[in-house]
Amino acid sequence: MNNINKMRIMKKISIYFMLIFALVSCQDSLDLTPTNSLSDADFWENESTIEGYVDYAYTYLSDYYSTRVAADRPMPWGHFRGEATDEAYAHIPWGGGQTLTSGTLTPSSTSIVGGNWVPFYEGIQHINGFFDNYEAGRVDVDEDNLKVWLAEMHFIRAYCYNQLIKVYGGVILSDTQFSPTDEITQERSTYDECVDFILDDIDAALEGLPDEAEGGCVTYGVALGLKAQVLLHAASPLHNSSNDQTKWEDAAEAAKAVIDLSQYSLYYPEDYIDVLYDFPSEGNTEIMLAKYMNGEETIYFVNGASTYFGPPSWGGWGIATPIQALVDDFQMADGTDYDRDLYGDAPYEDRESRFYANILYDGAEYSSIKDRVPSTDEIGIQVETGTYTYFNDDGEKVTRDGYDAQGGVLQETKNYTRTGYYCHKYVKDDYTEKFESGDISQCVLMRLSEFYLSYAECLVMLGRGDEARDYILPIRQRAGLPDESLPATLTMDDIMHERRIELAFEGQRFFDVRRWQILDQTFVDAYKCDVANDLTVEPATATYTYSLLQTRTYDEKYYYMPIPQSEINKNPLLEQNPGY
């Protein structure tokens, strides 16, 4: 990370805490109460305070869970979305996935997965306050800076609305700030009306954003990326029941425009896992938008993912553990599908590189740097989720639980895996402490691979599956898969598979299965794997037993999340989503 980026991050952090004391939200989620200082002429004629106001809006750029606290943690919250899909299982209810998979989700549920109405509307009203003061002629600063700030605010408002419509469908549109005394009686706009509103904001952003920027600021290319995301969802079956080909053409054009940008290219690190870890300043040409945090300057931790999702003998909490359905979908190193009948005696050998980047399994090597209980000097660095039978010092045959399994000698005794696996994506092995400070952390929100996948999908839907191969092939080549393992003409099954694997635990699967209208096929029971290792024979053997962990009942209403009941109660014209 270069010094310019570090300075930009430090400035954002300082402004962030300054504005916490300058802004308060009122009871209605569509309101944001401006203090006297925010209406003073001195505020809106001062470049430092205006820049701070814009930088504060950046806290609402998040995978999905956005508050003035959590949104400024560079946490990959996509793991929590994975708990509500066929990616993961939640044994702790923090992420909200349990409320979906257990069938207990209601409009009154406190759920991160479905709970972004309030925080994103806070962000929208904050931004609308900026536009209101600009339209009133109060903003009197350098025109070049103002052009960029206006563009950034248009982008962030579009981003917030896009996150809302992916979760709820059509929502309430507002381009002006509500006051605390306003009684909000407004109907939801249609999904298509919301898309048009968002695209207008993006077009406005494109007029003022630079091609390059420092410290996690948005650029012209990032706005093009958001446009491609919006159009892809709008073209998908959930919102395009007639399969209008012009929508797919528009989405294809937008995705191709991102691919053709000179600023970005697919990144080929020596170790595939570094696609998400290496910084742009270290040569990562794929990162388009990321959030950064310096642990020395904030109370918030920079390695939260390693603690949240890592193995407990290293101090991790083991939340959002992969389920067997995802494990089985990673291919073999030769590009063929995994087949339990063929490879079931050694299911974790000779798998593709993305398997090892995403899944920690019984016997996987993890960290020699972090403190482990027992120490790595005693037991090494292999994850232990199974049981181990061996001869003790007295020659007796005994069996013990693995140190990352229930009954093992855990640091976090309640936070063992229930599935037999732990996440590896974003669970870095080079942090030495829980919630370590003193380092720059990166959470990727947008990367180029997504748009290769999106463009290929559009081509398939336009009947050009042979051309689509050219955009899936480099992604698989980077993972070490042979060219001949990819068909000459791709189908949607091929696209769905690649998105599932390449973007695992990045928050995409939750929305993909909905926009494709395959939620009924993917909202399936969760299975686990129990591994029994016998070290008393030569060579040692392992037995794998698969069993039901959680029954999940599909409900069509889960295509959209419920609007919070508190918001329904405030607005008599606000209509709840069907089924709730």
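These legends go with close-up views of a predicted model. Local features need pLDDT of at least 70 and side-chain atom pairs pLDDT 80 or more, while totals for chains, interfaces and linings use all residues. Residues are numbered from 1 along each chain as its sequence is written, and side-chain values use heavy atoms, leaving out hydrogens and water.

**View A. The largest nonpolar core.** This core (buried Ala, Val, Leu, Ile, Met, Phe, Trp, Tyr and Cys residues joined through side-chain atoms within 4.5 Å) has 111 residues. Buried here means under 20% relative accessible area with a 1.4 Å probe, protein chains only. Helix α8 (residues 143–168) gives the largest share, 15 residues; helices are DSSP runs of H or I, at least four residues, numbered from the N terminus. Another core, of 47 residues, lies apart from it and includes Trp 314 and Tyr 422.

**View B. Tyr 121 against Tyr 161.** These two form an edge-to-face aromatic pair, 6.1 Å centre to centre with 85° between the planes. For Phe, Tyr and Trp (its six-membered ring), a pair needs ring centres within 6.5 Å, and planes under 30 degrees apart count as stacked, over 60 as edge-to-face and the rest as tilted. Tyr 121 sits in helix α7 (residues 117–135) and Tyr 161 in helix α8, so the pair ties together parts 40 residues apart in sequence. Tyr 121 is buried at 0% relative accessibility, and Tyr 161 is buried at 1%.

**View C. Tyr 348 against Tyr 421.** Here the ring centres are 5.9 Å apart and the planes at 85°, so this pair is edge-to-face. Both tyrosines are buried. They belong to one aromatic cluster, whose members include Phe 330, Tyr 361 and Tyr 544.

Key
Buried means under 20% relative accessible area, exposed over 50%, partly exposed in between (1.4 Å probe, protein chains only). Helices (H or I, at least four residues) and strands (E, at least two) are DSSP runs, numbered from the N terminus.
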